[in-house]
There are 2 protein chains.
Amino acid sequence: MNTVPVKTRPTLRAEDTRRRIYEAAMELFREKGFEQTTMRDIAAKAGVALGGAYYYFSGKEAIVLAFYHEMQEGSHQEILDALGGHKKLKDRIRVVLEKRFALLEPNRMFCDALFRHAPDSADPLSPFSEETRAIRERAFEHMQWAIEGGDVKVPADLAPHMPRLLWMYQMGLILFWLYDRSPQQARTRKLMDKSLSLLVGLLRASSLPLMKPLRKMVLEMVETVEQ
Amino acid sequence: MNTVPVKTRPTLRAEDTRRRIYEAAMELFREKGFEQTTMRDIAAKAGVALGGAYYYFSGKEAIVLAFYHEMQEGSHQEILDALGGHKKLKDRIRVVLEKRFALLEPNRMFCDALFRHAPDSADPLSPFSEETRAIRERAFEHMQWAIEGGDVKVPADLAPHMPRLLWMYQMGLILFWLYDRSPQQARTRKLMDKSLSLLVGLLRASSLPLMKPLRKMVLEMVETVEQ
DNA sequence: CGTCTATATTGAACACGTTCAACATGAGGA
DNA sequence: TCCTCATGTTGAACGTGTTCAATATAGACG
């Protein structure tokens, strides 16, 4: 008979299976990269039939999405702590970037999957997609923290855009880093230094009355993109 | 006997088959987009067996590459002509951009294929790859023309980087345009206006002695990226 | 204990891009 | 005319991500 839908067991050994699949995938992704890793590989390593992987993850990309999510959540407290000792804006932004790179570094082999269809906000894995909104907004928050506690006064008209702009700056750096073939990704490090100086310098200058017209142009452009 | 390898017929009805495959692919790509179009579709429409398509094109992406190449070659003279009437740098860059968009517009449905693995210069279809070098350098040339005949004096240290920088600016606009869902891609048009003003304004200002330190920072950054 | 049913698991099947060994074609030379 | 063989052409087969109907499992309930 149609009884009340019994309280379905909330967590079961199912969570264990999910975990096994996730871990197997991570290991293989780190070893061979995203493209080179097969769903059959993952299922085999996890000791599950092929279809099993699809019971827990809607597809191969969804596993990477889970990683993306976990990484962002895991960084939240760490970043807050790491920001503690710094006053200079440049250092504060650097802290956020460094933390991000530290978390991505062991997974460099497969992070390119995150940018596969990056500009297409319809793609679930895109950094601009609805599916990644929560993750993205967490990252905005980190940049907001960096600015708020810093030693640079940001003009009021620019302020609301800064978290998103800094996030995009971060994404650009990550993209560069992913395909940076220099030893130890030294070029990325150099680019980070140079661009951070430039960024903070421009931000400082942006408060000068002389800069009003330029700031207005930049704002109009930013608003056109964000709209 | 091992005679001299007879002069192989240079062009044959083979060129016709190639053409048929290319045209069929273009039509289908325009209709359904790159992903949605099947190599089997293409072969069928061209009246060829599946394998036949691979005799003329190394893969699905190679067909798009052929289009990319053809588009760039076709624009060369047109752009040169169109630049004729303009003196203002802003107009000259706009002419180049407009021409590019005019050529891409009918193929908007599948141009995303060109950016599939854009940042990976190892991917043949990437705008940064060895395979697309010729195409890319043609595009640099167009930007060089725009600057040379314009009314803005570019500082000597910045000058050698301008063609590539303007090309990257163009690529960014195209990327934005591809995923611009506003009617008639009005946002892209607006972004083009705003960013062009900003760009030319900055370029003008960059000659001011006051700007020397800022220019130096930008240069260092650009050189880090290009290296 | 036995039955029921949502949950979990399986493996065959599909559509895709790509590869390849086999075969067809037709221009040049005997 | 017939042979040769580089050029074209074919379709079966492979490995891939993904789907799905069928089956197994195990906790809830009588």
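Q: What percentage of the residues in chain A are buried?
A: The model is a predicted one. A residue is buried if 20 or more other C-beta atoms lie within 10 Å of its own. Of the 227 residues in chain A, the buried share is 24%.

Q: How many helices and how many strands are there in chain A?
A: Read from the N terminus on, the elements of chain A run α-α-α-α-α-α-α-α-α. The C-alpha trace of chain A spans about 75 × 50 × 35 Å along its principal axes. The count for chain A is 9 helices and 0 strands.

Q: What share of the contacts in chain A with a separation of 6 or more is made by residues 24 or more positions apart?
A: Two residues are in contact if their C-beta atoms lie within 7 Å. Among the contacts in chain A with a separation of 6 or more, residues 24 or more positions apart account for 62%.

Q: At what angle do the axes of helix α4 and helix α5 of chain A cross?
A: Helix α4 of chain A covers residues 60-83 and helix α5 of chain A covers residues 89-104. The crossing of α4(A) and α5(A) is right-handed. Their axes come within 10 Å, and the crossing angle is roughly 145°.

Q: How many nonpolar, polar and charged residues are in the contact of α4(A) with α5(A)?
A: From α4(A), the contact is made by A:M71, A:G74, A:S75, A:E78, A:I79, A:A82 and A:L83. From α5(A) come A:R92, A:V95, A:V96, A:K99, A:R100 and A:L103. By class, these residues are 7 nonpolar, 2 polar and 4 charged.

Q: Which residues of α4(B) make the contact with α5(B)?
A: Helices α4 and α5 of chain B pack at an angle of about 145°, with their axes 10 Å apart, and the crossing is right-handed. On the side of α5(B), the contact is made by B:R92, B:V95, B:V96, B:K99, B:R100 and B:L103. The contact has 7 nonpolar, 1 polar and 4 charged residues. The residues from α4(B) are B:M71, B:S75, B:E78, B:I79, B:A82 and B:L83.

Q: Which helix of chain B gives the most residues to the side that touches chain A?
A: The contact takes 22 residues from chain B and 23 residues from chain A. In chain B, α7 (162-178), α8 (186-205) and α9 (212-226) each supply at least two residues of that side. The residues of the side of chain B divide into 11 nonpolar, 6 polar and 5 charged. With 8 residues, the helix that gives the most is α8(B).

Q: What kind of axis relates the two copies?
A: Chain B is superposed on chain A by a rotation of 180° with 0.0 Å of shift along its axis, at an RMSD of 0.0 Å. The two copies are therefore related as by a two-fold rotation axis.

Q: Which residue of chain B has the C-alpha nearest the axis?
A: The axis belongs to the 180° rotation that superposes chain B on chain A. The same surface serves both copies, as 100% of the contact residues of chain B recur in chain A. At 3.3 Å from the axis, the nearest C-alpha in chain B is that of B:R116.

Q: Is A:Q184 buried or exposed?
A: A:Q184 lies in the loop between α7 and α8 of chain A. Its phi is positive, about 60°, although A:Q184 is not a glycine. Because 8 other C-beta atoms lie within 10 Å, A:Q184 is exposed.

Q: Where is B:Q185 in chain B?
A: Phi of B:Q185 is near 50°, a positive value in a residue other than glycine. With 19 other C-beta atoms within 10 Å, B:Q185 is partly exposed. The place of B:Q185 is the loop between α7 and α8 of chain B.

Q: Which residues is B:D123 in contact with, leaving aside its neighbours within four places in sequence?
A: B:D123 is found in the loop between α5 and α6 (133-148) of chain B. It is partly exposed, with 16 other C-beta atoms within 10 Å. Beyond its neighbours within four places in sequence, B:D123 is in contact with B:H117 and B:S129.

Terms used. Residues numbered from 1 in each chain as written. Chains lettered and ligands numbered in written order. Predicted model: local features only at pLDDT ≥ 70, side-chain atom pairs only at ≥ 80, totals over all residues. Helix = DSSP H or I, 4+ residues; strand = E, 2+ residues; numbered from the N terminus. Nonpolar A, V, L, I, M, F, W, Y, C, P; charged D, E, K, R; others polar. Axes fitted to C-alpha atoms, helices over the stretch in contact; angles between N-to-C directions. Left-handed = near helix turned anticlockwise from the far one by under 90°. Least-squares fit on C-alpha atoms with pLDDT ≥ 70 in both. Buried ≥ 20, exposed ≤ 12 C-beta atoms within 10 Å, placed from the backbone.
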